[in-house]
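Please read them with the structure open beside you.

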Amino acid sequence: MSALPAEMTAIAIRAPGGPDVLVPRRFPLPRPGEGEVLVKVAAAGVNRPDVMQRLGLYPPPKGATDIPGLEIAGEVAALGAGARRWKLGDKVMALAVGGGYAEYCPAHESHCLPVPRGLSMVEAAAIPETFFTVWHNVFERGRLKAGEALLVHGGSSGIGTAAIQLAKAFGARVVTTAGSEEKCEACRRLGADVAVNYKTEDFVAATKAATGGKGAEVVLDMIGGDYIERNYEAAAVEGRVVQIAFQGSPKATVDFRRIMLKRLTHTGSTLRARSIADKGAIARAVEAQVVPLLAAGKVKPLIDSTFPLAEAAAAHARIEASAHIGKIVLVG
């Protein structure tokens, strides 16, 4: 590591609070641990969990850095002990346990993927956290199959835009919700069969209408609150509801008889606290099933906007205002 700098610029969270608590600071250069690589970051994705961490509501796992940022793309700059898959200079996109809002970030070698040909570093940085989350929850936990219907909430978000495209690529029908006609139209352009403006339409009725009265076999929800009971209404018999976040309330009053009457499954997951092996297994599945689609141009992350690393506060202001369609990315 002798050719590398001793220090780097990264984004610190001064104290829990609004976007303005994100400030650039100088940090010692991190060293890659056992089985890790150090990535010189070209771009880093901005995600809702970063906002939750900034607010003090989603602390990093024990031993992880306080620097936010869960997905990056860049070049391998150093190898930790036992790291063998990658060599110096390889271009990778990686899931990080934190530390992505920085000039350099360590990642476990098994959580890195090759950057598909034809993808920019900005696009590559929009993939790991988002596509790992969608793959695991929609296809592994939700078991979505060709010919089934997926109801995905927040269709114009990073997660939503990825879920629409992947579901269509694997032969499913897609119903999605979004908060404006502009966002609904963006979802349709990505392949959504039906896009529902949740401010003016009832997504339960729209889902039933789009599926001949059956309902959706899989529901991907990041809202919670009163959506939980409505998801049960919108779900098909033997449907699977997968919870990945609570932008509303994590608590709700629900008539659970629908679970019995429809034989529903309600599951959910988080990614950050999972074991290295768990995340590595998801990475291998994404590499096998999704990277070829990215390389072929059949699926592509939708980029809303980019901000310089030092302007992370402005990026957070945009995501919190829900002004974005697709992914927000920080660039070095």
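1. Arg143 sits in the loop between helix 3 and strand 8 (149-152), where helices (H or I, at least four residues) and strands (E, at least two) are DSSP runs numbered from the N terminus. Its phi is near 55°, a positive value in a residue other than glycine. Most residues other than glycine have a negative phi. Arg143 is partly exposed, with a relative accessible area of 42%; here buried means under 20% relative accessible area, exposed over 50%, and partly exposed in between, with a 1.4 Å probe and protein chains only.

2. The model is predicted, so local features need pLDDT of at least 70 and side-chain atom pairs count only at pLDDT 80 or more, while totals for chains, interfaces and linings use all residues. Residues are numbered from 1 along each chain as its sequence is written, and side-chain values use heavy atoms, with hydrogens and water left out.

3. Arg263 is found in the loop between helix 8 (257-262) and strand 13, and it is partly exposed, with a relative accessible area of 47%.

4. How many of the 14 residues of helix 3 (residues 128-141) are buried? Twelve are, which leaves the helix mostly covered; among them are Phe131, Phe132, Trp135, His136 and Phe139.

5. Six strands form an open sheet with parallel pairing, in the order 10-9-8-11-12-13, two strands being paired if DSSP finds at least two bridges between them. Strand 10 and strand 13 (265-268) stand at the edges, each with a single partner strand, so one side of each is left without a neighbour in the sheet. Neighbouring strands of this sheet are turned by 15° against each other on average, direction ignored.

6. Strand 9 (residues 173-178) and strand 10 (residues 194-197) run parallel and are joined by four bridges. Thr177 stands opposite Val196 in strand 10, and Ala178 stands opposite Asn197 in strand 10. Together with helix 5 (residues 181-189), strands 9 and 10 make a right-handed β-α-β unit; right-handed means that, with the strands pointing away from the viewer, the path from the first strand over the helix to the second runs clockwise.

7. Leu55 lies in the loop between helix 1 (48-54) and strand 4 (71-79), and it is partly exposed, with a relative accessible area of 33%.

Technical notes: Axes fitted to C-alpha atoms, helices over the stretch in contact; angles between N-to-C directions.
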